[in-house]
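Work through the exercises below with the model open. Try each task before reading its solution.

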Amino acid sequence: MHFLNVYNKPAGFANLELYASSIIPYLADHADRMPHITFMCGDFNARHRMWDKRNHMDETSNPRHKEMGDDLISLALSEMGLSLVNKSDGPPTWRSTDSTKRPGVLDLVWMDAAYRNGDLTVDMGSRGGSDHAVISWTVGVEASPDCPPP
């Protein structure tokens, strides 16, 4: 079982050069050399309606947001065989200290489809001084003496 914790710098979408050197393209370039990842989670700093249906950003004014989200979906689903645990109508995982910025979902949990999807909990109240919520999730595993867990 392999866990991958990801942090994608928020400036990664600002221009093409920075995006090309961010974690999402890096993982895509190295996915074939990594062990099979069971869980991938972290602060992806990527916006997409797949995990935040409240996201009404104008994709024409900043196409990098959509590009990064699309690239992440392709990486996780197609190349790594992972499923998204976050729900598109789930609570925000990030809330800026700047009240003019709308809360959003930047923190994601991706899981191997062999595991049953469990409950994702977003606790904004326990975040302390951070602008990101504490996230926890459960994993359903079935095991019997004849069949070890995946």
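Buried means under 20% relative accessible area, exposed over 50%, and partly exposed in between (1.4 Å probe, protein chains only). The model is predicted: local features need pLDDT of at least 70, side-chain atom pairs count only at pLDDT 80 or more, and totals for chains, interfaces and linings use all residues. Residues are numbered from 1 along each chain as its sequence is written, and side-chain values use heavy atoms, leaving out hydrogens and water.

**Exercise 1. Describe the protein chain as a whole.**

Step 1: take burial. Of the 150 residues, 38% count as buried.

Step 2: list the elements. Helices (H or I, at least four residues) and strands (E, at least two) are DSSP runs, numbered from the N terminus. The protein chain has 3 helices and 6 strands. Their order along the sequence is β-α-α-β-α-β-β-β-β.

**Exercise 2. Locate the buried face of helix 2.**

Step 1: Ile24, Pro25 and Leu27 are buried in helix 2.

Step 2: view down the axis. The buried residues of helix 2 fall within an arc of 160° (directions from the helix axis to the C-beta atoms), so they line one face of the helix.

**Exercise 3. Classify two aromatic pairs.**

Step 1: set the cut-offs. Rings of Phe, Tyr and Trp (its six-membered ring) pair if their centres lie within 6.5 Å; planes under 30 degrees apart count as stacked, over 60 as edge-to-face and the rest as tilted. The whole structure has 4 aromatic pairs.

Step 2: Phe39 and Trp137 are tilted, at 6.1 Å centre to centre and 50° between the planes. Phe39 lies in strand 2 (residues 39-43) and Trp137 in strand 6 (residues 134-140), so the pair ties together parts 98 residues apart in sequence. Phe39 is buried at 2% relative accessibility. Trp137 is partly exposed at 22%.

Step 3: Trp51 and Trp110 are edge-to-face, at 6.2 Å centre to centre and 80° between the planes. Both Trp51 and Trp110 are buried.
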